[in-house]
Amino acid sequence: MRTLFACLVLGASVPVAAHDPGLSSLCVEIVGHRATATLTCSGADFVQSFGRVFDRNGDAKIMADELNVDAMRELAPAWVQTTVGDQALVWTTIDAWVEVDGDVVTRLSAVDCPSGAVEVHVPALAFLPRGHRQFATLMRNHRPIGEALLSAQVPRVSWTAEQLASRPDAPAAVAGSNGGVGSYIALGIEHVLTGYDHILFLLALLLSVASLTQALAIVTAFTVSHSLTLALAVLDVAHLPSTLVECAIAASVAFVAAENLLRARPKARAGWTFAFGLLHGFGFASCLSDVGIGTGLAAVRPLFGFNLGVELGQLGLVVLVLPLLLLLRRRSARYAGRVSLAVSSGVLFCGVIWLLQRLP
């Protein structure tokens with residue numbers, strides 16, 4: 001019991017945000033004989049990897065006036081190397097800026113782009129923080145052709161000439177050698193499993209469950225609510241400031257854990273779960289927005305895959321934890337109460353620490 005509580009306390013010492021800091025996006029677009037590559041990276045990861053070059057005042061933040069163009073030009077070959085046909089593209093124009101949310105955007109341009117198979121290699125992934133992933137998208141004539149989830153272990157992706165020519169008018173119809181809908185599903189699963197605030201929120205909810213029917217009601221409420229706001233945010237219908245969302249998610253974790261401690265049988269748990277799930281949906285949406293899936297109909301397929309991955313990740317957690325909790329409750333209600341007390345205390349501590357970390 002003490003060991004479990006200690007693990008939760010130690011976990012709270014690491015800042016966790018609804019926005020995934022270990023995710024960047026790369027969009028390579030070919031229009032006629034011109035190619036552009038747009039890379040968006042979180043400011044935190046950029047500073048950690050390249051701060052010694054750009055962070056002149058040492059404040060662990062990248063400001064617009066710190067993005068030295070000459071330094072960016074020297075680093076350009078590390079950002080992305082693209083080969084079309086048998087020709088390696090030479091980036092002749094380089095631009096960079098800092099977004100309002102702190103993300104660093106780098107845009108590279110090349111002329112005289114030939115036709116043929118496309119290979120994209122991102123050497124910079126070897127220098128970014130461990131576990132960093134990059135969602136790469138290939139566009140041709142303003143239409144998505146394929147996508148892939150890259151990492152330091154898989155830093156390159158390729159599309160054959162046959163793949164590029166198979167359905168030129170179908171958005172995102174052809175996937176790269178390691179991408180497709182499965183990439184979005186994998187991204188959703190990984191986002192849940194590495195989103196400790198989402199995991200502890202579900203765990204705190206399951207601690208109060210006394211039957212499979214209650215668990216089904218709670219999980220369904222959470223699924224419906226976060227799916228609703230995830231869709232609204234990705235389709236550009238509704239938005240909330242990321243700081244507000246992150247603070248609200250931390251508060252939801254603390255609230256559910258506190259209710260477990262104050263009430264033996266929390267009431268209206270499905271209702272609260274639905275309300276908090278709306279906020280968690282905006283948190284999930286921030287992950288999708290970072291990979292630049294677009295809006296409108298172009299976002300439907302990525303949205304479906306990502307949401308399916310989120311649900312699979314949640315289902316795996318429920319299948320793993322719920323039977324153990326129900327069995328423990330039936331075998332020894334007293335010991336189950338002690339487990340709930342210890343775990344809820346740890347979750348409450350984590351929620352409060354996260355809330356304090358995320359306050360402006």
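This section describes the fold, strand pairing, helix packing, salt bridges and surface of a predicted model.

The chain contains 11 helices and 10 strands. Of its 360 residues, 49% count as buried. Among contacts with a sequence separation of 6 or more, 75% are made by residues 24 or more positions apart. The accessible surface of the chain amounts to about 17,200 Å², of which carbon and sulfur atoms contribute 63%.

Strand 8 (residues 133-140) has pairing partners in both strand 1 and strand 9. With strand 1 the pairing is parallel and comprises 8 bridges; within it, Ile30 is placed opposite Arg140 of strand 8. With strand 9 (residues 143-151) the pairing is antiparallel and likewise comprises 8 bridges, and here Phe135 has Leu149 as its bridge partner. Strands 8 and 9 form a hairpin in which 2 residues separate the strands. Asn141, located in the turn, adopts a positive phi of about 55 degrees. Because 7 of the 8 residues of strand 8 are buried, this strand is largely enclosed by the rest of the structure.

A further group of 4 strands forms an open sheet with the order 4-3-7-10 and antiparallel pairing. Its edges are strand 4 (87-88) and strand 10, each of which pairs on one side only. Within this sheet, strand 3 (residues 81-84) is joined to strand 7 by 4 bridges in the antiparallel sense, with Val84 standing opposite Val118 of strand 7.

The buried residues of helix 2 are Gly43, Asp45, Phe46, Val47, Ser49, Phe50, Gly51 and Phe54. These residues pack against strand 1 (23-31), strand 2 (34-41), helix 3 (69-79) and strand 6 (104-110). Strand 1 therefore takes part both in the packing against helix 2 and in the parallel pairing with strand 8, strand 8 being largely enclosed by the rest of the structure because 7 of its 8 residues are buried.

The whole structure holds 2 salt bridges. One of them joins the side chains of Arg156 and Glu119, with an N to O distance of 3.0 Å. The pair links distant parts of the chain, as Arg156 belongs to strand 10 (residues 156-159) and Glu119 to strand 7 (residues 118-121), 37 residues apart. Arg156 counts as partly exposed because its relative accessibility is 39%; Glu119, at 30% relative accessibility, is also classed as partly exposed. The other salt bridge connects Arg358 with Asp197, whose closest N and O atoms are 3.0 Å apart. Since Arg358 lies in helix 11 (residues 333-358) and Asp197 in helix 6 (residues 196-207), this pair ties together parts of the chain that are 161 residues apart in sequence. Both Arg358 and Asp197 are buried, whereas Arg156 and Glu119 are partly exposed.

Notes:
Residues numbered from 1 in each chain as written. Predicted model: local features only at pLDDT ≥ 70, side-chain atom pairs only at ≥ 80, totals over all residues. Heavy atoms only, no water. Salt bridge = Lys/Arg side-chain N within 4 Å of Asp/Glu carboxyl O. Buried < 20%, exposed > 50% of the residue type's maximum accessible area, 1.4 Å probe, protein only. Contact = heavy atoms within 4.5 Å. Areas by Shrake-Rupley, 256 points an atom, 1.4 Å probe, with all protein chains shown as cover. Pairing = 2+ DSSP bridges.
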